Amino acid sequence: MSDDTTNEETMSEQQSAEAFEVEENLEDAAGHRSYSQGTLIRRRFFRHRGAMVALTVLTLIVLMAFTSAGIGPIPGWWPKNFIDLYPNTGGPEPTLRLWPFRIGEHPFGKNTIGKDYFALVMEGTRKSVIIAFVVGIIATTIGTIIGAAAGYFRGIIESLLMRATDLVIIIPLLVLASVLGRMSNGNNVLLLALVLGVVVWTGMARLVRGEVLSLREREFVHAARAIGTSHWRIIFRHILPNAIGTIVVNATLLIASAILLETALSFLGFGVQSPQTSLGLLISDYQSALTTRPWLFWWPGVFILAIALCVNFIGDGLRDAFDPRQQMD
Amino acid sequence: MTEVKTPETAGTGEPVLQFQNLDINFRTEFGHVHAVKGIDLVVNPGEVVALVGESGSGKSVTATTALGLLPRTARITGETVVADQTISKLTPRGLRAIRGHRVAMVFQEPMTALNPVIRIGEQLTEAMEVHNVAYGRVAWNRAIDLLKAVGIPNAERRASQYPHELSGGMRQRVVIAMALACDPEVIIADEPTTALDVTVQADILDLLRSLKDKLNTGILLITHNMGVVADMADRVAVMFKGKIVESGTAEEVLLHAKHPYTKKLLDAVPHLGSGHGQFGSAPADVAEDAPLALEVSDMAVEYKRAGKKPFRAVDGVSFDIRSGEIVGLVGESGSGKSTVGRALLGLIPSAAGKVSVLGEDLLRLRGKQVKALRRRIGVIFQDPAASLNPRLPVGDVISEPLEVHKIGDKNSRQQKVHELLDAVALPRSAYNRYPHELSGGQRQRVSFARALALSPDLLIADEPTSALDVSVQASVLAMLIELQRDFGFACLFISHDLAVIDSLAHRVVVMQHGKIVEKGTREEVLLNPQQEYTKRLLAAAPVPNPIEQRQRREERHALLEFLGEEVAEIDTRELGQ
Amino acid sequence: MAFMFFSLPVFWFAVLLKHYAAIQFNDWIAKADFPPGMIATIAIVGAFIISAIVGGTWKRRLITFAALAAALTIVFVYFDLVTWFRRPAIGLPVYILLVLGIAALMIAMTSGFKNKGVRNAVVGTAIVGIVGYAVLRGFLMTKPGILLLFGLFGVAIIAGALCGGFLGGFSRRQAIFASVITSILASVAALIDLLLSNWAAYLKVQPRPIPTIGSATANFSTTWWGHNIDTLTHIFLPTIALMLVSLASYTRYTRASMLEVLNQDYIRTARSKGISERKVITRHALRNSLIPLATIVAFDFAGLIGGAVITETVFGWQGMGTMFREGLLAVDPNRVMAFFVVTGSAAVVMNMLADIAYAFLDPRISR
């Protein structure tokens with residue numbers, strides 16, 4: 001160590017003073033790649049194994065469900081639909097075999113009156129996925145706006161909005177959704193989704209309000225106000241982009257619970273109704289068939305479980321990507 | 001239980017803490033960080049060794065090694081010896097046995113160091129029970145004795161209270177009492193006074209010094225504050241980027257520094273009493289008849305509280321700033337100085353008073369006129385990390401004021417941003433960088449650029465350099481002085497650091513508990529204070545010269561005795577049972 | 001693992017429970033035998049789970065696993081030989097061991113064996129409990145009553161508090177806390193013993209014990225204990241289904257809360273004092289992270305009253321949920337309104353209680 005000191009002492013004062021710049025020179029930082037926050041988050045997300053697996057599985061399920069029956073003019077790859085009866089294609093058991101691999105005529109079997117169960121389950125999946133995503137988007141939008149307004153403006157606006165939110169929270173979700181579902185025509189899927197979206201936003205509103213409350217005390221918001229920035233510009237340009245982590249993570253959780261909610265509603269009879277089908281409706285119809293035709297009961301449940309599980313894992317991966325501190329060691 | 005050692009035995013005997021060729025490497029998201037590169041350090045009983053460095057020097061990491069508390073991503077080579085135990089050879093149980101017992105740590109933030117739901121007495125007895133020093137009632141009594149020894153009044157009552165019922169200074173005393181609970185041979189104090197007011201800091205330093213004098217404890221003091229070093233240390237080691245670049249006695253290092261980095265560091269420390277020109281240039285003089293930029297008359301700010309009378313954070317404050325003048329607003333925490341700044345910016349509504357900015361009454365204006373007035377006031381905040389929106393690149397941050405006030409078009413704004421980047425000595429390539437890629441000093445320069453974007457007449461700087469390293473602070477302050485000469489704005493400089501105010505203010509205003517205690521020119525207030533509070537404040541501020549500081553310390557003790565107060569020190573009668 | 005709970009559709013799971021936990025269990029209980037394969041599976045899985053919870057180094061886990069697997073095997077072989085599930089009996093000797101074990105666990109978890117006060121208080125409570133139960137057992141078997149049971153429970157708690165107060169020495173507060181918990185656990189153990197003793201008689205009258213429909217067996221006349229066992233078995237499955245939903249949000253919340261607390265400065269201070277990691281978590285971290293849980297519990301409780309619609313539908317209970325569902329299907333606004341009034345009031349009351357509890361638990365909130 002003493003050798004180092006002697007060497008440095010022989011440099012000129014000026015050179016040695018510059019050599020001990022505590023701050024890094026931006027110019028030689030040009031050698032490093034410049035990472036925006038978005039890039040950092042993306043990298044962390046793609047490293048999360050659970051989330052990646054879940055993302056793959058979910059994509060596969062969604063693709064399978066939507067392409068099997070065709071989109072618009074493009075025909076699907078599954079020859080049977082969920083309306084026709086197929087009495088002459090063998091017994092009702094599933095023809096799917098894992099080893100040796102064979103799909104057969106009816107991989108998920110046939111239901112009690114002879115419809116192809118694979119097509120039924122795919123249709124149910126389609127309905128549930130569409131509803132879940134629409135609900136997710138609607139609820140996120142409503143919740144974010146209400147939460148942001150309440151958290152930023154405070155005062156009487158906050159009181160009103162939060163009391164309204166509390167009112168909606170107090171009523172058990174399933175109950176409220178049941179009433180609204182009953183009131184809306186079960187045949188219009190989009191209307192149902194709209195109605196559901198209007199009741200599940202409360203959790204998001206609370207969380208966004210909390211984030212906005214703490215963000216608005218940060219100094220860059222003070223600086224923006226001191227410059228004279230208008231309120232809504234502050235909210236949309238400064239506060240919400242910094243709350244995006246919470247919003248996105250909760251949006252995925254919302255979607256997961258929306259799936260469960262919709263299937264539960266359909267199970268009870270207040271959601272999607274015949275002649276349309278939903279995974280929850282399928283389970284409700286065949287719950288007593290567990291001993292005689294178990295496949296009718298298992299397949300829809302497994303699909304609900306798989307979709308919800310995947311969405312939850314993706315949400316967890318997103319949460320870790322946005323806030324890497326949150327890892328148990 | 002505890003002997004009172006005489007000062008002659010100080011500094012002799014086996015070292016209580018030793019680092020031998022310590023090398024620490026961290027695994028992070030982006031690769032390896034070589035935090036400590038082979039250092040040697042020794043602490044003997046009864047002496048204070050100060051480990052000095054700026055952020056990133058590796059000083060805190062070194063200290064945490066002595067307790068074995070580093071995260072698992074750290075790879076450590078070299079030896080750390082505490083008393084007679086080698087850290088690397090200890091099992092986890094062995095490590096736990098020495099933590100708190102042979103070596104104790106005092107951390108930086110007293111407000112969060114104590115568990116909020118457990119009583120203070122129980123937090124003290126816990127350490128004793130874990131190390132089999134005492135149990136039950138015996139432990140509780142010892143806890144009360146410890147609290148008395150560190151100078152907490154009403155110790156019996158305080159021991160049953162919760163941490164939130166104590167002030168910051170008292171909490172730090174409790175933390176020190178906790179560290180002493182099992183008679184450790186060495187105490188590691190990691191920036192123990194950085195979060196405290198300067199008067200409280202002086203008391204805590206007195207207390208720590210008496211520990212070394214009366215109990216022969218070795219102390220490893222980690223700090224970046226040269227004044228604290230001059231006040232406390234027997235020996236000093238200076239760390240830079242993981243290496244110790246200079247070490248020696250306090251007088252050797254602080255007064256006869258050999259290494260260029262140490263010299264640079266010491267040059268950058270503002271020295272109370274040296275006045276203007278410490279950082280190269282001095283602020284321009286102000287003409288006697290210069291027009292007023294800011295006039296505050298009887299301003300009051302109130303916070304409403306549920307069920308109680310409203311709390312007056314600021315009461316009856318009046319002062320003025322002339323065009324081109326720098327006025328320093330000084331006070332400790334809770335004095336209301338930051339509140340004044342925020343009220344002037346319109347961030348908090350003020351309850352009363354008249355604020356006249358450049359001839360217009362700020363508090364009477366509404367809507368568009370307020371916005372027009374806002375153009376003429378710029379602001380710099382304390383925390384460089386929180387002052388910039390992490391999601392916007394630097395160019396957008398600086399051009400924000402131009403966009404909000406709809407000045408120019410895209411090209412002219414870009415041009416202006418480039419000019420501002422030049423003015424604050426940042427390279428043009430910073431335009432597309434994000435704040436998290438810049439260092440603290442660079443971010444603060446971006447804040448300056450943003451504040452100057454609209455060519456304001458008045459700049460309000462709220463503790464702009466308090467969160468920066470000393471050498472960075474010096475360059476930022478030098479830049480401020482030069483900008484002020486070039487642009488000619490008036491400046492309200494809010495700070496708690498008297499030495500910084502001394503280096504650049506024309507006039508000074510001192511606040512306490514929301515009221516103005518004293519105001520006048522810099523020479524009047526800082527060199528010849530009239531009020532008792534101002535005298536106390538000045539006496540407590542340390543200077544980086546050990547000989548001068550010793551004298552100031554004696555003067556301060558004399559002042560305290562004159563005011564009828566006791567000097568803080570450990571009361572060994574309480575511990576001798 | 002917790003994700004499974006979040007993602008599970010409750011209604012689907014409830015039907016599965018009905019099938020496997022009830023129907024298949026009822027089929028099995030007729031003989032109550034444990035074929036070797038089942039014993040091996042139970043032993044391995046059980047030992048694995050518990051050794052994972054206990055944790056520690058690989059060596060320790062392996063030892064725990066081996067010991068537990070062996071113990072479980074022996075226990076279940078015994079169960080098989082004795083058809084214990086048809087004629088369960090704990091008996092007084094096992095009860096004594098059980099209560100002493102509870103006492104030891106309480107001491108170990110709160111303050112350690114070195115603290116004489118707590119140790120004496122807890123052991124004293126255990127002895128009082130054992131003696132009390134031994135004396136009263138015969139009486140309770142033949143002449144039970146709900147008031148009597150509650151009264152004895154109250155006496156047990158008071159006895160525990162008194163033991164803690166008198167024998168606790170200096171750590172009185174901790175001793176009272178530990179003793180009261182011990183007496184509660186001992187009372188619960190006594191209750192289980194009494195119930196199990198009546199199980200054989202119940203099986204004779206009701207050969208398929210776990211029901212899937214309804215809240216009580218129709219036209220059922222039997223002893224007082226028999227009725228209670230009947231009620232409990234009817235509650236069993238719906239409880240599991242409902243628990244699942246709450247469990248999910250509790251674990252998620254506690255995990256998030258714990259993570260936040262473990263990053264705080266005072267945890268670092270506790271570690272630097274040399275406290276063992278286990279104590280850092282139980283004594284320092286847990287208390288802080290559980291405080292916000294009070295509000296969640298309150299909300300959840302209120303939610304359970306109204307939200308059990310699915311469970312009631314699946315298990316055929318005639319509760320609030322059924323009333324709501326049928327009212328809605330029949331478009332009967334009165335029933336639906338009544339439902340909202342009750343659940344709304346419950347929510348308001350529980351929230352008030354939660355606020356009070358919060359102020360009580362967190363010393364920073366001024367009373």
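**Notebook: helix packing, ring pairs and one buried alanine**

Started with chain B: helix α7 (residues 198–215) and helix α20 (residues 532–540) of chain B pack with their axes 8 Å apart, at an angle of about 50 degrees. That angle makes α7(B) oblique to α20(B). I also looked up the hand of the crossing, and α7(B) over α20(B) comes out left-handed. Keeping in mind that this is a predicted model, I went on to the side chains.

Which residues make the contact between α7(B) and α20(B)? From α7(B) I got B:V198, B:T199 and B:A202, and from α20(B) B:R536, B:L537 and B:A540. Sorted by class, the contact has 4 nonpolar, 1 polar and 1 charged residues.

**Rings**

Next I went through the aromatic pairs; the count over all chains is 16. One of them is A:W232 with A:F236, a stacked pair at 5.9 Å centre to centre and 25 degrees between the planes.

Where do A:W232 and A:F236 sit relative to each other along helix α11? They are 4 residues apart in helix α11 (residues 231–268) of chain A, so about one helical turn separates them. Then I checked accessibility for both rings. A:W232 has a relative accessible area of 44%, which makes it partly exposed. A:F236 comes to 52% and counts as exposed; the cut-off for exposed is over 50%.

I also wrote down an aromatic cluster in chain A: A:F108, A:F118, A:W299 and A:F303 form one.

**A:A139**

Is A:A139 buried or exposed? Its relative accessibility is 0%, so A:A139 counts as buried. The residue lies in helix α5 (residues 117–153) of chain A. Leaving out residues up to four places away in sequence, I found A:A139 touching A:G197, A:V200, A:W201 and A:L254. I also looked up A:I255: A:A139 and A:I255 are 116 residues apart in sequence, yet 9.3 Å apart in space, C-alpha to C-alpha.

**Chain A as a whole**

Methods: Residues are numbered from 1 along each chain as its sequence is written. Chains are lettered from A and ligands numbered from 1 in the order in which they are written. This is a predicted model: local features need pLDDT of at least 70, side-chain atom pairs count only at pLDDT 80 or more; totals for chains, interfaces and linings use all residues. Side-chain values use heavy atoms; hydrogens and water are left out. Axes are lines fitted to C-alpha atoms, for helices over the stretch in contact, and angles run from 0 to 180 degrees between N-to-C directions. Helices (H or I, at least four residues) and strands (E, at least two) are DSSP runs, numbered from the N terminus. Angles under 35 degrees count as roughly parallel, over 145 as roughly antiparallel, 65 to 115 as roughly perpendicular and the rest as oblique. A crossing is left-handed if the near helix is turned anticlockwise from the far one by less than a right angle, and right-handed if clockwise. Contact means heavy atoms within 4.5 Å. Ala, Val, Leu, Ile, Met, Phe, Trp, Tyr, Cys and Pro count as nonpolar, Asp, Glu, Lys and Arg as charged, and the others, Gly among them, as polar. Rings of Phe, Tyr and Trp (its six-membered ring) pair if their centres lie within 6.5 Å; planes under 30 degrees apart count as stacked, over 60 as edge-to-face and the rest as tilted. Buried means under 20% relative accessible area, exposed over 50%, partly exposed in between (1.4 Å probe, protein chains only).
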